[in-house]
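Biologist: Can you put the model up? I have some questions about how the parts pack.

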There are 2 protein chains.
Amino acid sequence: MKLIHGGVTAPKGFTASGIYAGIKKKRKDIALIYSSTPAIGAGTFTTNIVKAAPVLWDIKLTKESGNIQAIVINSGVANACTGEEGDKNNLLMAESVANELHLPIDAVYTASTGVIGKQLPIDIIRESIPMLVKELDDKALAGTLAAESIMTTDTYSKECALTFNIDGKEITIGGMAKGSGMIHPNMATLIGVITTDISISKELLQEALSEDVKHSFNMISVDRDTSTNDSLLVLANGMAGNKAITKKDDDYYAFCKALNTVTSILSKMIAADGEGATKLLEVTVKGSDCWEEAVILSKSIITSNLVKTAVFGNDANWGRILCAMGYSGVDFDPYKVDLIIESENGSLQLVKNGMATDYSEEFATKILSAKEVKAIADLNKGSAIATAWGCDFSYDYVKINADYRS
Amino acid sequence: MKLIHGGVTAPKGFTASGIYAGIKKKRKDIALIYSSTPAIGAGTFTTNIVKAAPVLWDIKLTKESGNIQAIVINSGVANACTGEEGDKNNLLMAESVANELHLPIDAVYTASTGVIGKQLPIDIIRESIPMLVKELDDKALAGTLAAESIMTTDTYSKECALTFNIDGKEITIGGMAKGSGMIHPNMATLIGVITTDISISKELLQEALSEDVKHSFNMISVDRDTSTNDSLLVLANGMAGNKAITKKDDDYYAFCKALNTVTSILSKMIAADGEGATKLLEVTVKGSDCWEEAVILSKSIITSNLVKTAVFGNDANWGRILCAMGYSGVDFDPYKVDLIIESENGSLQLVKNGMATDYSEEFATKILSAKEVKAIADLNKGSAIATAWGCDFSYDYVKINADYRS
C-alpha cells in the first residue's frame, strides 16, 4: 500500500470540478465528481431523524439503483428542513447534472452542506451546471478544487489517495471530505466521497463501507452534534481491471484495509480541523472487556467539553477524563485505571490505579502543548481496544457558532 | 405557599455557619449546617461510577442511619479519585464535627466540591472545625455565609426559602445549592442542601426527594458533564409540630409541591449561573406521546453546543434546535414540529410544520437578547410536556475551564 498525491481523481476513469456558482458570498460552492463508466455506488448516512433532502435521495438511489456516475455537491445551504420544495429542488439539481452529462437521473447522487432551513437558490445552481461539467478534469488539481468547493467553516480542504495491488493489478482509492462543525457522525461525516477503480460487488462494497465507518468516521467528534446531512458516498467503477471481488477473500480484506487507511486519514483531518480547534486529540481506551465498551468510553472522553477546554489550556486535569469515563454508562473499576498522555514532546503516566502519580505538571503541560496529543486509558480488565479522535475547545468555536449565519 | 427571605436557617431548629479555613486561596471554603434535634436525612447522589469519598459516605449513612444532625461541606478540593486516603480524610472531617457537636459520627453528612484528584488538606480542615461550630447561628445571614462557602466558580450564592401550612401548622423549607461547571446532574446537582421543620417519615421524605429531582435538578445542564460529587441532601427535623406524614395524603402532596418550588428555584439559579453563562435558557417540549420522550428531547436541545452558542449570539438558528431533536433518539415527525421563542421582549413563531415561518430576524434577535429566554417546541402528537433549563455558551466557559486549576 502506498500513499500518493491526489484525491478523488486519482483512480482511473474519475474526473472532478469545483466552481463558484453564487450560493455563498465569495468562495467556491459547487463540486462535481464523474466516472466515465457506470460505477457501483454505496453510502452510509446520518441517523438523525431530521434528514436533508439530498440524504433521502441518496438513500433511495443506493437501495434502488446502485449504478452511479456522478455526485453533485453544493455548500452554503444544507437543504434540510425544507419540505416538499426542498425535495423538488434536490431533484432539479440532480436532473440538471443528468441532462448535461446525458445520464439517467438515478445515476446522480446529490449532497448539500451549510445553513439548515433555507431553500436552495436553485436557479443559480442550474445555471452553473454547464460550466461545472465543462471544467471536469482528471488532474489532481481538479480533485482539490472539488474538495475546496464543499468546505463551510473548514480551514483547509481534506483529500488523500493511495494505491495497492490485487492480482498484479494496481488499485487506487481516492477520497475527500469536509467537516468542521455539527460533527458527531453517526454513520458518516458531513460529506465524504471515496472513489476507487476496484471491481467489487455492490453488496461487498456496501458492507466494507458500513463496517469501516464504525472504526473511522463514526469515531470522531467535534461537538457532539450529529448533523442532518452526514453522507459518506463511495463509487467503484471497476476500471482497475482486477477480477471482481464477490466474496470475503484475501482481496476483499486487502481492500478493506486500504479503505480504512483512506477513511482514517480523512477522519483525523476532520477532527484536527474541528471548528476553532488548535490541536488533534486522540483517545485510546484499552484493557476493556469488549470493543463496544471501549468505544463508549473513548467517545465519552473525546466529547467532554471539560476535557476539551483543559486540553486547549494545556492543563493535565486528568480528573475530568476519569469523570467522563465514569458517567459514560460503562461499568469499570476506577481504581484499576491507568492513564498516559503522549505527544512528540514525550510520554507521561498521570494516573496509576485511579490515583495521581507523582508527575511533573510542567512536563505534562509541555506534552499537551503539541499539535497532536494522545491520551491512553487502560482499564486493566480485558483485551479490547478502541480509538476516537476529536479536538480541543477554544474561544473560536464559540465565535464561529455565535454568529454562523451572519 | 409564600416565598420568604432566607435559606437553610429559615426552618425551626436549624443553624449554619461558613468560614475561611485555608483550603482555597482567599475565599470562604467550609460550611456547616446543624439541626438542634436529630433530623430525618435523605439524599440523591451522582450516578457517575467515579464517586467521591463523601458521596460514598452519605449513601451509606442514608441507607443505614437516617438520623442526621449536621452537614459539613468544603469547597476547593472534591475528594474524588483519592483512594483510601480520601476515605480516611472524609471520616476525619466527619469525626471532627461529630466530636465538637457531641454527636455520633453517623449523624454527620459530608460533601466536597472542587478539583478532582487532590487530597483534602485535612489538618487545616480539622483546625477550622471549632470556629465553624462556634459561628453557628440561626439568622438568615448565617445561611448566606454557608451558601457562599460552598461556591467554586459560581458567581453568586444560591438560596431560597418558603412557608406553607399543614393542619394550621406553619411548615418552612429552606435550601441552598452550588453549581456552575461539570453540571449535568443525574440525581442532583453538585451540592444542594434542603432543610425543613416538617415531620415526615424517612421513606416518604426519600421518595418525595427522588421524585422531585426528576423534574428539577435532573432537568438542568450546563455542560453535559455529570460530576463525581453530585449530592442533594435534605434534613427534616419535625420541629414545625405537624402530625407526622406517614402516607401519601394531601399533606404529603402539599409538601411535594412546596419542595418542588424550592428545588425549581435553585435549579434555575444554577442553570442561569452556569460557567460563562450570559442568560438562562428554558426549553419546553410539549405535544409528546410520553413524558420520558419530552425529557430526552428537551435535554438534547438544552445540551447542544450549537444551540447554546447560537443563543449566546442572539441568533435564531432554529435548524440547530430541530437537528438536536433529530439526533436525540426519539421518534417524531419533523414536519409536524412547531417552534416558538419567548422572552420579556415578546413571542415569535419561528417554525410551523417543520419549516421556517416568514418571521423577522430582527425581532427574533430582540427576543433572544433578554436575560431569560424560552423555547417551546410542540410535536403536535400527544399531551406530555417537559421543561429543561440550561444556559448559553460563551467565550468565558472556555476561559474558565482552560485554566481552572491554575
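Modeller: Among the 268 residues of the largest nonpolar core, I33(A) and I33(B) touch the most other members. Such a core is a set of buried Ala, Val, Leu, Ile, Met, Phe, Trp, Tyr and Cys residues joined through C-beta atoms within 7 Å; buried means 20 or more other C-beta atoms within 10 Å of a residue's own, with C-beta atoms placed from the backbone. This is a predicted model: local features need pLDDT of at least 70, side-chain atom pairs count only at pLDDT 80 or more, and totals for chains, interfaces and linings use all residues. Residues are numbered from 1 along each chain as its sequence is written, and chains are lettered from A in the order in which they are written.

Biologist: Which residues does I33(B) touch?

Modeller: Leaving out residues up to four places away in sequence, I33(B) touches V8(B), F14(B), A16(B), A70(B), I71(B), A146(B), V193(B) and T195(B). Contact means C-beta atoms, placed from the backbone, within 7 Å.

Biologist: Switching topic, how is chain A divided?

Modeller: Into domain 1 (2–272) and domain 2 (280–402), with bounds from an automatic or database domain assignment. Their centres, taken over C-alpha atoms, are separated by 32 Å.

Biologist: How many residues of domain 1 of chain A are in contact with domain 2 of chain A?

Modeller: Eleven, and they meet eleven residues of domain 2 of chain A.

Biologist: And which residues of α11(A) meet α8(B)?

Modeller: V398(A), N401(A) and A402(A) in α11(A) meet L306(B), T309(B), A310(B) and F312(B) in α8(B).

Conventions:
Two residues are in contact if their C-beta atoms, placed from the backbone, lie within 7 Å. Helices (H or I, at least four residues) and strands (E, at least two) are DSSP runs, numbered from the N terminus. A residue is buried if 20 or more other C-beta atoms lie within 10 Å of its own, exposed if 12 or fewer, and partly exposed in between; C-beta atoms are placed from the backbone.
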